Amino acid sequence: MSLSNKYTTTFLLTVFLGCTYIPTKAQDSTAADHFKKGEYFLNNADYEEAANSFDKSVKLDGQNQNTYLKLGFCHNLLGQYEKAIDDFSKVIQLNPNHSWAYVSRGSARNKVGQYDLAISDFNKALEFDPKDQEAYNNRGFAKKLSGDLAGACKDWQTSKK
């Protein structure tokens with residue numbers, strides 16, 4: 001074998017093995033791997049990449065409420081409020097007692113003008129935690145925006161206590 005053929009063969013093997021290795025590695029990724037990547041990107045304020053990673057995790061394991069919760073946070077931070085509402089709804093479907101999911105969904109609903117639904121979500125969260133300052137505060141905004149100024153002031157006063 002000539003020297004040029006030896007290098008060509010080595011190069012082709014390297015390219016072939018490298019190309020087949022990468023997809024195999026990607027196929028071996030688990031929901032937990034994607035979740036960890038999502039947390040890394042979320043902690044580094046790369047919400048688009050975090051959402052992509054959490055979405056991949058959800059596709060591999062659609063029963064993890066924490067993945068949907070973090071995906072909802074990402075969608076909310078990206079201004080994708082309808083997607084966030086869907087994500088938080090999935091958390092509630094998986095765990096109907098998750099008060100933070102109600103607060104988060106209510107906040108997203110406030111952003112899209114669904115004030116009555118937002119108020120319902122905050123009410124539900126307050127059933128689980130009657131001292132939830134954020135639920136009172138955000139319910140106050142929903143009440144204000146829906147025209148109930150007295151109710152809004154009362155919620156904000158309760159929120160400060």
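A residue counts as buried when its relative accessible area is under 20%, as exposed when that area is over 50%, and as partly exposed in between, using a 1.4 Å probe and protein chains only. Keep that in mind for His-75, which counts as buried because its relative accessibility is 10%. Before we look around, note that this is a predicted model, where local features need pLDDT of at least 70, side-chain atom pairs count only at pLDDT 80 or more, and totals for chains, interfaces and linings use all residues. Residues are numbered from 1 along each chain as its sequence is written, and side-chain values use heavy atoms, with hydrogens and water left out.

Let's start with the whole chain. It has 9 helices and 0 strands; here helices (H or I, at least four residues) and strands (E, at least two) are DSSP runs, numbered from the N terminus. Read along the sequence, that gives the pattern α-α-α-α-α-α-α-α-α. Of the 161 residues in the chain, 35% are buried. If you take contacts (heavy atoms within 4.5 Å) between residues at least 6 apart in sequence, 40% of them join residues at least 24 apart.

Helix α2 (residues 31-43) and helix α3 (residues 47-60) pack at an angle of about 165°, and their axes are 8 Å apart. The axes are lines fitted to C-alpha atoms, for helices over the stretch in contact, and angles run from 0 to 180 degrees between N-to-C directions. Angles under 35 degrees count as roughly parallel, over 145 as roughly antiparallel, 65 to 115 as roughly perpendicular and the rest as oblique, so α2 and α3 are roughly antiparallel to each other. On the α2 side, the residues making the contact include His-34, Phe-35 and Phe-41, while those of α3 include Tyr-47, Phe-54 and Leu-60. Sorted by type, the residues of this contact come to 8 nonpolar, 4 polar and 4 charged. In that sorting, Ala, Val, Leu, Ile, Met, Phe, Trp, Tyr, Cys and Pro are nonpolar, Asp, Glu, Lys and Arg are charged, and the others, Gly among them, are polar.

The C-alpha atoms of His-75 and Tyr-47 are separated by 7.8 Å, with the two residues 28 apart along the chain.

Over in α5, Ala-84 and Asp-87 are themselves among the buried residues. What covers the buried residues of α5 includes α4 and α6.

Finally, follow α6 to helix α7 (residues 115-128): their axes come within 8 Å and cross at roughly 160°. These two helices are therefore roughly antiparallel to each other. Their contact involves residues including Tyr-102, Val-103 and Arg-105 of α6 and Tyr-115, Phe-122 and Phe-128 of α7. The residues of the contact of α6 with α7 divide into 8 nonpolar, 4 polar and 4 charged.
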